[in-house]
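Dear colleague,

Please find below the structure for your review. My notes on it follow directly after.

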Amino acid sequence: IPSVSSIVPESCLLIVVGLLVGGLIKGVGEKPPILKSDIFFLFLLPPIILDAGYFLPLRQFTENLGTILIFAVVGTLWNAFFLGGLMYAVCQLGGPGLNHIGLLANLLFGSIISAVDPVAVLAVFEEIHINELLHILVFGESLLNDAVTVVLYHLFEEFANFEQVTILDIILGFLSFFVVSLGGVLVGVIYGLIAAFTSRFTSHIRVIEPLFVFLYSYMAYLSAELFHLSGIMALIAAGVVMRPYVEANISHKSHTTIKYFLKMWSSVSETLIFIFLGVSTVAGHHYWNWTFVISTLFFCLVARVLGVLVLTWFINKFRIVKLTPKDQFIIAYGGLRGAIAFSLGYLLDYKHFGMRDMFLTAIITVIFFTVFVQGMTIRPLVDLLAVKKKQETKRSINEEIHTQFLDHLLTGIEDICGHYGHHHWKDKLNRFNKKYVKKCLIAGERSKEPQLIAFYHKMEMKQAIELVESGGIGKIPSAVSTVSIQNINPKSVPLERVLPALSKDKEEEIRKILRTNLQKTRQRLRSYNRHTLVADPYEEAWNQMLLRRQKARQLEQKMNNYLTVPVHRLDSPTMSRARIGSDPLAYEPKEDSENLPIITIDPASPQSPESVDLMSEEPKGCSGLPPSPEEDEEGLVMRVKEPSSPGTDDVFTPGTSDSPSNQRMLRCLSDPGPRPEPEEGEPFIHKGQ
């Protein structure tokens, strides 16, 4: 019924089915089965976690790992202690039915109910198709908070048996968190490497390849649980480590088998968990206390909202992509509780925890509220707030190439800046992985990474075989490509036959080849070093040309600064006579104006000794020739150098205009230098001249 499934999540419907089945069994007079903790932790939970860890979106997970760890560790600790402390206060004020519940029991209850459940989060968030960032934040928190939950649960369970808890016990309990989390990761990494190494030798028996993935993953989970380490973190680490090496060794059919078997197995486990939750609700013993149950529900919501708001305020100081108020609301609202809390509560011993039935009743109430109320309303709230949805389409090869290119670009920028950031260490890890790890864990030529050219030849050969089988060409000479065949005899191929599009397997193989081979780009290029740069033969000539042009501009500016009187444009003879008639003293030539030297200037090289040449150091009067009337009338004369032909330059193609005779600039200097001061009363310009 699509109208129902679009409103109610699948997990809610499964719990309702479990309630109906449990009620039917009880109505018949039989005792309904209860979800035992051993069955849940040993058989139903591992497939769901392995599916999540094996297909974990590693890029988004690693880029947001700091945020996820803060939410998973600090957020869960805050929820557990805040909820446990407030519930202890409620028990002290709640009357005679709650007074006997101590602080350690309340803290244990807080640690059980505070952790976000990965099964419930997966069931709800997969249906609403939220964007990758919010999904990985909430789901990553639900996966990684298992270590905190395991530590707190076993810690408070042990402390409840002690007569007195010392400071040493608290310090050891704090250190046990690192042992449980890092120990679980270490166990998972070891089994992941063993699985990858084993898959190297399975080329002749492809049938059992998927078996090793499931076997070693399950052994990692059991080994971690055996030593009270975090089994969930061991499974995630095993899946993440083994996947790239196993997929390089196994066949495509084995890969498909692993993919669909894991999806089916996790779906069956999820269905059984929610059905058994409903059945156990009907079959279990309950003790309802309104004060305790309502307080638990209210303080769970308050602790979650406060924790998300405070932690996000702190995280946003360090994040480039900030978490908006909408994101914070979805993270707080997506803190669903599920079967892990129920199973941990069911594990409690009646001898030490007589209030176990009341704890279980409160836990089931919180689970039902979060799964039904929050799970059913989160989809319309996401639509109402217009939160970004996940892109359904797969990224194209072009997008992946550009993503890899930007990664290398950022790594290079970090190298040049000397900043050892996220991309730097990622690149170091990739280099170590290629140089050492892949050679040991990947068989044959695949460890050297398959080349795109080899794949093209393989496709080309297959295409040629198909052409032969179709009867299009009678004889094909050896070592002739299909491209040349089509050029030789293009009509032999039927017109209606179209070359088939790439299948998903081929496209995925090309995608992997491009993704891995793009990593080689940085290694082929030598690192930047200014001492090993090759000199450009044209660079010196260009530098000389630019230098000469710059000096020419500087000389021109200096000469303009020496001119105290601006040069006027030549007027017509009528205007000149009128101006001289208005003020004859100002415009008559000085006494020694004809003795001024002619200066030839080469603007291209002002520092050369030939740059200033006094062509006529003798006064014109001493040469015995009177000044010509044309020179007297012209006054200020400036001969401009003729421009060279387009496409040439004076550095490389010196022309005839470079000779000193053609670069002559005649200018009447108004201030030729120091001279004897005119006597007082003597006119500046003689009128009779």
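In helix α8, Leu-143, Leu-144, Asp-146 and Ala-147 are in contact with Gly-231, Ile-232, Met-233 and Ile-236 of helix α11, where contact means heavy atoms within 4.5 Å. The residues of this contact comprise six nonpolar, one polar and one charged (Ala, Val, Leu, Ile, Met, Phe, Trp, Tyr, Cys and Pro count as nonpolar, Asp, Glu, Lys and Arg as charged, and the others, Gly among them, as polar).

The model is predicted: local features need pLDDT of at least 70 and side-chain atom pairs count only at pLDDT 80 or more, while totals for chains, interfaces and linings use all residues. Residues are numbered from 1 along each chain as its sequence is written, and side-chain values use heavy atoms, with hydrogens and water left out.

Helix α8 spans residues 132-159 and helix α11 residues 231-249; helices are DSSP runs (H or I, at least four residues) numbered from the N terminus. Their axes lie 8 Å apart at an angle of about 135 degrees (axes are lines fitted to C-alpha atoms over the stretch in contact, and angles run from 0 to 180 degrees between N-to-C directions).

Asn-106 lies in helix α6 (residues 103-114). Asn-106 is buried, with a relative accessible area of 0% (buried means under 20%, with a 1.4 Å probe and protein chains only). Among the residues that Asn-106 touches are Gly-84, Tyr-88 and Phe-292.

Yours sincerely

Definitions and conventions
Helix = DSSP H or I, 4+ residues; strand = E, 2+ residues; numbered from the N terminus. Buried < 20%, exposed > 50% of the residue type's maximum accessible area, 1.4 Å probe, protein only. Lists of a residue's contacts leave out its neighbours within four places in sequence.
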